[in-house]
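User: Hi! I'd like to go through this structure with you. Could you take my questions as they come?

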Amino acid sequence: MKLGMSGLEGVRVSRGGWRFVWLDYDARFSEEMREQFIDNAFAAIDGTLSRRIRRSRHAETWLQRIPGGPSVYYKLLDPVHGLNGLWRSFRHSRAAHVAAISKRLRDDGFDSAEVLLIGAEEAVGNGREIVATERIDGMMLPRHLRVTREHLGRKRAILRALGGEIARLHRAGYIHGDLTPYNIFVTAFDPPRFTFIDHERTRRTWRAHFERPRLRNLVQLGHFSLKGLSNTDRMRVWCGYRAAVPSMRRSGKLRRLISMIEVRVARDRMRAKGVGPIDAEQHQSNHEQVAIAASTAQARKC
């Protein structure tokens, strides 16, 4: 795999069977600091880095403070297997893609966390990779919803603004590959600002201008059940989105979105039967709780 991509250049370092690219474009950090980043990356690779904060299906994530520097997320991506691995052999690495798409988002006026270091195993074509990203100053959307339950005006403004920001992302040609509430940070309130994370599958593509990929992105967001998030709140996200996308203002679009969410909820229910209980905060089976839905009449009030 290739760690380099067009528009993505940095200092290349080989160490311990890994290839790294240091991406400090603004030269904020010293060479000694760069070595600390790499040392922490190896600690994550060895499983000895403290403060692991997440284990997902395909990656582990740590949060570590660099002495005299920023707090950094280290995300270690698992090897790629099967057909995905065969396809990946002909493409740039996942880590390089994350760094490149994050930079492109920032260049296009979106808030995206800065990737400072990427790395990949040298000996294994589809082996592990690592991405070191500066920590975001903000609050993950689910937590924000919990702590703002007493500030209804702020919560409502945030949700409408989120719909508008997703619409802006789509209009710019981007489809986020994993648009879940856990990949959205609220970074400011007046006016609301957001940072999207986890860009392994985010793409800038001509398909973003078509209806179905846009709706599928909204389904990713809409099928989750979160504490402090009502169906009316979900409607506020939709209202913010459709206000920015004239082609989505017809009532049939909402009905189609609801139908797509119902399919996703049914799939979640079947998956839950196969693999056991799913975290109640993330995957409620009850459609009354998870659908973005309000009636078409409510949608016209946006």
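User: Is Phe110 buried or exposed?

Analyst: Phe110 counts as buried, at 4% relative accessibility. Here buried means under 20% relative accessible area, exposed means over 50%, and partly exposed lies in between, using a 1.4 Å probe and protein chains only. Bear in mind that this is a predicted model, where local features need pLDDT of at least 70, side-chain atom pairs count only at pLDDT 80 or more, and totals for chains, interfaces and linings use all residues. Residues are numbered from 1 along each chain as its sequence is written, and side-chain values use heavy atoms, leaving out hydrogens and water.

User: Thanks! And what about Tyr174, buried or exposed?

Analyst: Tyr174 counts as buried, because its relative accessibility is 0%.

User: Let's talk rings. How many aromatic pairs are there?

Analyst: The count comes to eight aromatic pairs. The rule takes rings of Phe, Tyr and Trp (its six-membered ring) with centres within 6.5 Å; planes under 30 degrees apart are stacked, over 60 edge-to-face, and the rest tilted. One of them is Trp22 with Phe37, which is edge-to-face because the centres are 4.9 Å apart and the planes stand at 65 degrees.

User: Where do Trp22 and Phe37 lie?

Analyst: Trp22 lies in strand E2 (residues 18-22) and Phe37 in helix H1 (residues 31-46), so the pair ties together parts 15 residues apart in sequence. Helices (H or I, at least four residues) and strands (E, at least two) are DSSP runs, numbered from the N terminus. Both Trp22 and Phe37 are buried.

User: Back to Phe110 and Tyr174: how are their rings arranged?

Analyst: Their centres are 5.9 Å apart and their planes are at 75 degrees, so this pair is edge-to-face. Phe110 is in the loop between helix H3 (94-107) and strand E6 (115-121), while Tyr174 is in strand E9 (residues 174-175), so the pair ties together parts 64 residues apart in sequence.

User: Which residues do ring pairs link into a cluster?

Analyst: Trp18, Phe20 and Phe42 are linked that way.

User: Switching to charges, how many salt bridges does a search of the whole structure find?

Analyst: The search finds 23, where a salt bridge is a side-chain nitrogen of Lys or Arg within 4 Å of a carboxyl oxygen of Asp or Glu. Asp233 meets Lys155 in one of these, at 2.9 Å from N to O. That pair links distant parts of the chain, with Asp233 in helix H7 (residues 231-244) and Lys155 in helix H5 (residues 152-171), 78 residues apart. Both Asp233 and Lys155 are buried.

User: What about Asp233 and Arg236?

Analyst: They form a salt bridge too, with the closest N and O atoms 2.7 Å apart. Being three residues apart in helix H7, the two are separated by about one helical turn.

User: How many residues of H7 are buried?

Analyst: Ten of its 14 residues are buried, so to speak mostly covered. Among them are Met235, Trp238 and Tyr241.
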